[in-house]
Amino acid sequence: MLPLRIVETDRADFEQPVVELWRGDEFVGMVFWDGEEAIVQIYPDDGGDVHDIAVEDLFRVVELATQIVMPEDQLEAEGDAFLAAVNAAAPDGSWDEEDPFTRTLTEEFDGEVVYRADDGEGFYDRETALALVARCDELGLAVVTMDGFDLEGAVLIPRPELSVAIAAPAALDWGVRVAAANAQIRDALEGWDTRPTLVAAFVVQQSDGETFVA
């Protein structure tokens with residue numbers, strides 16, 4: 001099943017931001033601040049049935065959502081205690097480990113690289129690169145850097161004219177930033193030559209601002 005993604009929104013009847021929970025294009029629920037604590041509401045799916053949600057996925061989005069909806073003064077006062085409680089209750093003991101969306105992406109595409117550098121950086125052919133960007137859309141991850149190379153045997157030849165760096169304003173809603181960044185990367189990829197030696201390497205950003213090499 002697709003993992004959950006979060007979308008921060010402002011609503012007239014809420015003093016604090018409201019975080020919507022989505023799975024693909026389907027609305028799942030929302031997290032909001034009721035004056036004393038964060039509340040999670042889960043809605044029926046389009047067919048009126050319950051949503052099946054992986055526990056790790058739920059813990060991840062609830063942690064992020066609670067930090068967004070909690071008033072700033074209270075977050076400063078209670079943030080450390082809140083995160084400690086979440087980490088203690090979370091599967092495997094802590095969310096300080098790899099983002100589950102990142103883990104999903106890397107697990108799915110690890111075997112698709114055409115070349116892996118000594119430092120772990122992966123290089124993908126054009127069609128796989130397009131599939132990776134599409135998967136980032138689904139997982140709520142933003143491709144922020146793409147570099148093109150020609151792979152001649154085991155030799156990588158940089159193509160600086162094929163380098164793309166995305167600088168989306170931090171104030172934008174995360175979902176908007178993901179869509180904008182990935183659309184620019186996709187447009188650039190689709191304009192590349194189709195020669196079989198052409199490969200791409202990516203830097204991807206998570207919703208918490210952390211980046212990783214795909």
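Two strands count as paired if DSSP finds at least two bridges between them. In this predicted model, strands E1 and E2 are joined by five bridges and run antiparallel. The pair belongs to an open sheet of four strands.

**Sheet**
- The strand order is E1-E2-E3-E4, with antiparallel pairing.
- E1 and E4 (38-42) are the edge strands, each pairing on one side only.
- From one strand to the next, the twist averages 25 degrees.
- E2 covers residues 18-23.
- Thr9 has Val18 in E2 as its bridge partner.

**Helix on the sheet**
- H1 packs on the sheet and touches E1, E2, E3 (26-33) and E4.
- The direction of H1 makes about 155 degrees with that of E2.

**Second largest pocket**
- The volume of this pocket is about 230 Å³.
- Its lining comprises 16 residues.
- Nearest the pocket centre lie Arg5, Asp137, Gly140, Gly175 and Val178.
- By class, the lining splits into eight nonpolar, four polar and four charged residues.

**Where the lining comes from**
- H5 gives the largest share, four residues.

Key. Residues are numbered from 1 along each chain as its sequence is written. This is a predicted model: local features need pLDDT of at least 70, side-chain atom pairs count only at pLDDT 80 or more; totals for chains, interfaces and linings use all residues. Side-chain values use heavy atoms; hydrogens and water are left out. On a 1 Å grid over the protein atoms alone, a cavity is a set of points where a 1.4 Å probe fits but cannot get out, and a pocket is an open set with protein on both sides within 12 Å along at least five of seven lines; lining residues have an atom within 4 Å of a point. Grid points are joined across faces, edges and corners, and a volume is the space filled by probe spheres set on the points. Helices (H or I, at least four residues) and strands (E, at least two) are DSSP runs, numbered from the N terminus. Ala, Val, Leu, Ile, Met, Phe, Trp, Tyr, Cys and Pro count as nonpolar, Asp, Glu, Lys and Arg as charged, and the others, Gly among them, as polar. Axes are lines fitted to C-alpha atoms, for helices over the stretch in contact, and angles run from 0 to 180 degrees between N-to-C directions. Contact means heavy atoms within 4.5 Å.
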